[in-house]
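Me: Could you take a close look at the aromatic rings in this model and tell me how they pair up and where they sit? I would like one connected answer, with the cut-offs spelled out.

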Amino acid sequence: MTEILEEDAVVMRCQATVIRALTGRCADAEIAEVVAGLAWLPEEHPERARTAAAMLMAMFRGGKGVAAEYAAHTGDLLRFAEADPPTDPQWTQTRTFARVSAMLHAGVQGELADLSPLDAELDTIAEIAADNPAAAPALGLLRTMSGFLRAVNDGNESVVRRMPAELAGHVEQLRDRPEFAPLLELLEPMTRALAANQRGDHAEMFNLFDATQQSAQELLPGQEFIRQAMADTMIRVEPLRGLFGGSEAKPTEKQLTELREQADRADAPAHDRALSHLALGGAYLRAGRETDLDRIDLGIDHHRKALALLPPEHPQHAFCLLSVALALFRRSEVAANTDGLDEAEELLQRARDQLGGPQHPYWAQVNEMLGQIRERNGHSQEVGEAGLLAQRSYAWRVLLESDAAGAKIAIRDAAGGAIGLARRCVKADNLAAALRALDTGRGLMLFAATELAKVPARLEAAGHTELARRWETEGAEAGDLRREVLSVLTQASEEAGSLLDPPSVAEIRSALASLAADALVYLVPAEPPLPGLALIAHVDGSLAWMALPELSVREDASVERYLAALADRSSRDLAAPPDDDPLVGSFDALCDWAWGAAMGPLLDGYFGRRAPRADGTVPRIVLIPMGDLARVPWQAARRRDGVHAVELAAVSQAVSAQLLCENAARGPVSASAGGLVVGDPDTGDVARGLDAARLEAHSVRQAFYRGARYVGRRPNGTVSPSGRGSADEVRRWLVDSGPGAGAMLHLACHGSFAAGLEDAKSFLLLAAADPGDPGCDELSAEEILELLVASPGHQVGLVVLAACNTGRSVHGYDEAYSLGTAFLAGGARSVLSTQWSIPDAQTPSLMYLFHHYCRREGLPPWQALRQAQMWMLDPGRVPPAGMPAELLAAVPHGEPAPVAAWAGFIHFGH
């Protein structure tokens with residue numbers, strides 16, 4: 001009897017709160033009491049579900065969104081009500097709003113792994129509110145929040161980066177809605193803080209946290225729940241402030257006490273307590289820098305408590321497993337033993353099973369740590385397997401991103417991880433894994449651009465015709481569709497291997513044979529005290545490596561001086577350089593350094609011990625220089641006796657082994673006299689005229705490509721009757737698959753680039769389409785690649801970019817994303833591009849000789865470039881018949897041409 005009376009009393013208190021909610025807003029504590037009371041009642045109590053449903057209908061009365069402070073309770077109330085849902089017509093609408101509120105709250109708390117049901121509920125709300133224009137801004141906010149949560153779960157940096165701007169728009173639209181105002185004032189800066197953290201700007205992240213906390217202190221009465229939530233968040237964040245940027249600061253005892261109090265709150269949700277334990281563990285471990293074993297043990301203990309609080313199905317359970325494993329690994333490092341590593345490996349294997357594949361943001365970290373633990377445990381041969389699985393994550397993530405800035409954030413650690421893995425594989429004498437590892441960190445943005453174009457065909461081949469149609473209809477910008485498509489393609493084992501993995505040694509060997517190349521050579525920069533490396537894949541299938549201790553541009557002041565000057569110089573005549581020119585003054589030192597650092601050991605050491613080629617020619621080497629090494633003109637490396645590397649070998653470059661194999665598989669394109677030649681288009685006041693470029697382009701066309709169309713300005717400055725050299729003319733040529741288009745493109749014009757996160761671009765400066773427009777038009781690398789990929793019918797055999805900086809990567813050297821490589825990835829068989837601002841006076845001679853060797857002597861482009869460079873180096877050079885006298889004047893007989901006049905051109909492809 002007493003128990004029944006107690007139950008009745010609880011029901012009466014809960015129903016009284018429902019009545020208050022119908023007539024006005026209840027405090028958060030009152031709603032919490034209702035939830036606690038209903039939870040206390042037996043599941044079969046007849047009033048449990050009925051009261052919960054009534055409470056929800058009061059909270060969402062009139063179809064309005066629930067107040068933000070109630071969101072934490074809607075999930076529990078909905079669970080109670082769904083046990084015996086009411087038949088009231090209003091319930092369907094209430095249930096939809098409650099589910100959206102509960103899912104958004106769970107998503108914010110990191111407790112919701114699958115957000116796909118949220119979209120269906122939002123679509124239902126859109127139908128309910130279709131005739132209510134005032135509901136549109138709120139629905140937009142809900143969709144934005146849903147997209148943001150999904151992006152955080154997926155690691156989609158493009159969406160995370162755009163989210164602050166989207167939320168700022170919602171803030172303006174909903175500023176007069178009191179139920180949203182306090183939340184909006186904090187959401188936008190909090191989102192910006194998360195975006196800053198994603199891109200590695202921790203100083204900005206903490207500044208935004210501070211500003212948000214200040215805003216929370218200024219909230220109106222009745223909004224204490226937001227202030228308290230922010231205070232709780234800052235308690236967890238504050239001890240970590242000093243752990244970024246190399247600071248050795250330790251969290252204060254006061255901060256640790258506050259965290260312990262949060263973690264020990266018996267009335268707090270398990271998720272909140274787990275987060276506090278994770279923060280405590282991180283604070284004690286100091287981002288893996290702690291050396292005191294007692295403090296490390298405290299960190300391990302708190303990570304274990306976090307793990308115990310969350311069930312295996314919780315979205316953050318895998319992160320807790322990873323946290324304990326990382327802490328155990330750190331302990332083994334400090335203690336100089338392997339204690340705890342078996343447990344750490346078992347935890348990581350469990351985490352990997354839960355993550356499911358490379359689509360999860362933690363996939364790379366879990367597998368990288370597995371590889372390191374196995375190495376410490378003496379299982380070195382397993383390092384490559386785990387490491388390559390980790391690197392798969394970067395290929396997945398770059399395919400997921402919808403813009404370049406997001407892609408750069410997503411893969412910023414790819415090259416570093418690849419080099420670290422390769423070093424460990426070399427140490428384990430697993431050179432095949434080392435070679436494949438290096439390739440996982442190269443050219444990922446170009447890889448994504450070309451692979452996404454193949455998606456419809458891949459889907460058709462996999463039997464997903466409808467999904468292929470959706471892709472073509474909705475486009476690759478649809479984030480959810482992109483994720484669905486990538487999941488489908490990587491689920492099938494045959495697709496996973498071809499889509500995310502680098503080529504095998506056998507595939508590289510086949511590509512080298514097809515290209516008549518002797519070896520592919522990765523150059524890995526030194527990381528003192530670790531030496532640099534040359535990792536070599538020979539066409540005969542053998543693999544080798546060499547230690548190169550001097551292979552670091554940062555260690556040589558003269559080399560760095562040269563590279564700094566290289567980045568800043570303007571094109572000009574090198575025949576009479578200024579006395580104080582730092583570029584020319586550093587060239588000798590650069591050439592000497594490049595020989596000793598890499599080319600000498602390769603040519604004298606590795607190739608010097610191998611049998612010469614059967615045809616008696618010099619070896620053809622394809623280089624892939626990692627990091628800053630891509631800035632060095634390796635063909636200009638100079639031996640002590642003055643001989644340059646180009647005299648001893650034919651040197652080409654490649655973006656990656658992946659793109660090398662794709663290029664080789666395309667096969668050569670027959671040379672012809674047709675094509676397009678662009679000579680110094682009129683760019684108005686944007687860039688100066690290039691008198692020598694006009695002469696170069698016109699001479700090349702007249703001598704070797706009489707069937708080609710010539711556009712731009714002729715040597716006398718007049719505009720060609722065939723065209724002004726506009727960007728539109730080049731665009732039309734790129735997509736023209738007719739027989740008259742020809743297969744050769746020669747561009748003698750201005751090229752430019754800008755590096756950075758938001759505004760990175762590489763582009764050609766061409767004439768405007770309108771003859772009356774005094775300005776210019778730009779043709780970017782991204783657009784070039786897009787046009788070529790969309791028009792595979794135009795077989796482009798040769799692209800010559802006799803323009804400045806066409807080989808300069810704008811997304812980091814390991815991305816190798818430039819004008820030249822855009823043509824290459826788009827399907828061009830051979831590309832010549834430039835590493836710096838090439839000299840206007842001497843370049844025409846080099847270009848004329850290059851085309852002469854291609855057309856008159858039938859040499860492949862890689863060999864023709866080498867012969868032209870050798871001609872420039874020869875003091876007794878003899879010009880071919882018909883070479884214009886104006887071109888000869890720039891390279892006087894009797895002395896070698898300056899290195900800067902010929903070494904700036906690099907060859908890619910066939």
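Reply: Happy to! Buried means under 20% relative accessible area, exposed means over 50%, and partly exposed is in between, with a 1.4 Å probe and protein chains only. This is a predicted model, in which local features need pLDDT of at least 70, side-chain atom pairs count only at pLDDT 80 or more, and totals for chains, interfaces and linings use all residues. Residues are numbered from 1 along each chain as its sequence is written, and side-chain values use heavy atoms, with hydrogens and water left out.

The structure has four aromatic pairs; rings of Phe, Tyr and Trp (its six-membered ring) pair if their centres lie within 6.5 Å, and planes under 30 degrees apart count as stacked, over 60 as edge-to-face and the rest as tilted. Among them is Phe 319 with Tyr 362: the centres are 5.2 Å apart and the planes meet at 35°, so this pair is tilted. Phe 319 belongs to helix α15 (residues 317–335), while Tyr 362 is in the loop between α16 (341–355) and α17 (363–376), so the pair ties together parts 43 residues apart in sequence. Helices here are DSSP runs (H or I, at least four residues), as are strands (E, at least two), numbered from the N terminus. Phe 319 is partly exposed at 25% relative accessibility, and Tyr 362 is partly exposed at 23%.

Another pair joins Trp 593 and Trp 634, with centres 5.7 Å apart and planes at 35°, so this pair is tilted. Here Trp 593 counts as buried at 7% relative accessibility, and Trp 634 counts as buried at 0%.
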